Amino acid sequence: EAPKNMTIPSLQRLLRVPNSETGAKPHTVVLSVSKSTIPGAGRGLYLTYRGPHAKWKVPDYIDLGRYGPHTASDIKEDFMMQVKNFLYDQRPSEWSFEAPAANNSNCSNEDQEDSEELEDQGLTIHGKKIVDGMIFDITDDATGEVHEMAEKTLLPFVNEVTVQGKRSSRKPKQVQNIDADHHNDGRLHYLLRRGSCFKRNEPMELLVYYGAKYQVVRCGKYPDDSDASSEEGRSPVAMVEGRTAGSDIEDMSSVTNPPSQDNSVAVSMTASGHAIHQSVCPSCRERSTKVCVKTTSVLSGYTNMRKSIFTYTEKDVISILDFFIESPPMESVPRQRMWWIVDQLHPYLKQILYQKDGGKMPSNVKEKLDSALDLFPREKKDPHHDEDMRAMEKYQHMGVVIRKETKKSGFKTGMVEQIVLPGPGSGPRVGDGDDEDKDESMPKKYLVVYFSGEGEDVVTEDEISEYSLTNSFGVMG
């Protein structure tokens, strides 16, 4: 039974797979969403076999449809995806994949000629030219959650198997029955794995194993893992009829010569169900002193964002401002983060990008910048106004640069990254402040991560006011 706060889509998909037996009824399977069997993974996708046999062994690789991209807006450059992940606290990264390069040879030997033709012509999907570093993102730009078109396929609810063991010998804890593969046209599809077995009327969770190939965007990877293997000799995917709520689903046809799957051992994670976000590693929870390096690497969002802003071209800035103006976040917290980025862009443009022009911005850039700044907080008549004001007050110190003198090493410069909450006993922990102590007599504290790997510190609001650096974008160390 699903928890009360977990929404389970009622949508189901009915698939009919041709039966090789003469005159026999087709194999019928139903895809539906329920609570995942993987602890902490949230929702999962299940397959229930309702065919003529007591047990069904999948004869060929069956295409369950397109995971993404579904629209041109699902295809983003890497810097834009970083912005979106920053806004929504990395939630979109749970459903994103690196797009294939135009010269990516992800096909069998027979299709090598087609791959070379793609390399010459360039890969274009939904009218967008695919270049190295682009990301497939199936989340809504205004919410950070899976968008409606992708959710209707139910494929985003497929979770990844968890792995155990040391880095050199990690083994999956569950049975994989889904493969993720790029078609020759570049789109990512989910395939029901040949040889998977299902019992009649017994729901079984569908699980994928991405391997090192798909970890770059989602949750990091181990680049020194070299125990990759490929699976050869796949037969063509069976023809499948697929319907969702009475409408045909695209790409439910056969896949000619599915590409080989990279089964290299990768990082342990749960995928498309709503994974639990941990802002502090388990070993930190009982500590009463500093936050460890493992936590610091997760919490350097503002610092990393500011460093990225320093690299933006005029074209990048315009793309980001257009993105904000066209699809501003609905929720107040990501909207406040959006405002912070725009607020950082202002000194960057004046002091760095247009320095040779005396800090004078082109009129079209200035107009877009002002329009984006006006998006937060929303007007008083807007129903989100009060929530915006609370977010503005609560997170006013996030992303502030401070320069603090120490007796041992002189000045250290860092950035405010998180609110520090009272932990078990006297130990501190970090978070977003939603469950902070209501005792107004207790001063708020904040985590500062120093640049150049100089560690971290916990400071008060008064210290932030004393040590903050304003109106200067270039200070990063």
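Hi everyone, let's start with the outline: the chain has 11 helices and 26 strands. Please keep in mind that this is a predicted model.

A few overall numbers before we get to individual residues. The chain has 477 residues, and 49% of them count as buried. If you take the contacts with a separation of 6 or more, 72% come from residues 24 or more positions apart. As for the surface, the chain exposes about 23,500 Å², with carbon and sulfur atoms supplying 48% of that area.

Now to my topic for today.

Let's begin with D141 and K84. Their closest N and O atoms are 2.7 Å apart, and the two form a salt bridge. Where do they sit? D141 lies in the loop between β10 (135–137) and α3 (148–151), while K84 belongs to helix α1, residues 78–87, so this pair ties together parts that are 57 residues apart in sequence. Are these two residues buried or exposed? Both D141 and K84 are buried.

On to the second pair, K368 and D322. Here the side chains meet in a salt bridge, at 2.7 Å from N to O. K368 is in helix α9, residues 363–373, and D322 is in helix α7, residues 314–326, so to speak of the link is to speak of distant parts of the chain, 46 residues apart. K368 has a relative accessible area of 23%, which means that it is partly exposed. D322 is also partly exposed, because its relative accessibility is 22%; the cut-off for buried is under 20%.

K404 and D457 meet through their side chains in a salt bridge, 3.1 Å from N to O. K404 is in strand β21, residues 401–406, and D457 is in strand β25, residues 456–460; again the pair links distant parts of the chain, this time 53 residues apart. How do the two ends compare in burial? K404 counts as buried, with a relative accessibility of 13%, whereas D457, at 24%, counts as partly exposed.

Methods. Residues are numbered from 1 along each chain as its sequence is written. This is a predicted model: local features need pLDDT of at least 70, side-chain atom pairs count only at pLDDT 80 or more; totals for chains, interfaces and linings use all residues. Side-chain values use heavy atoms; hydrogens and water are left out. Helices (H or I, at least four residues) and strands (E, at least two) are DSSP runs, numbered from the N terminus. Buried means under 20% relative accessible area, exposed over 50%, partly exposed in between (1.4 Å probe, protein chains only). Contact means heavy atoms within 4.5 Å. Accessible areas come from the Shrake-Rupley method with a 1.4 Å probe; for residues, only the protein chains shown count as cover. A salt bridge is a side-chain nitrogen of Lys or Arg within 4 Å of a carboxyl oxygen of Asp or Glu.
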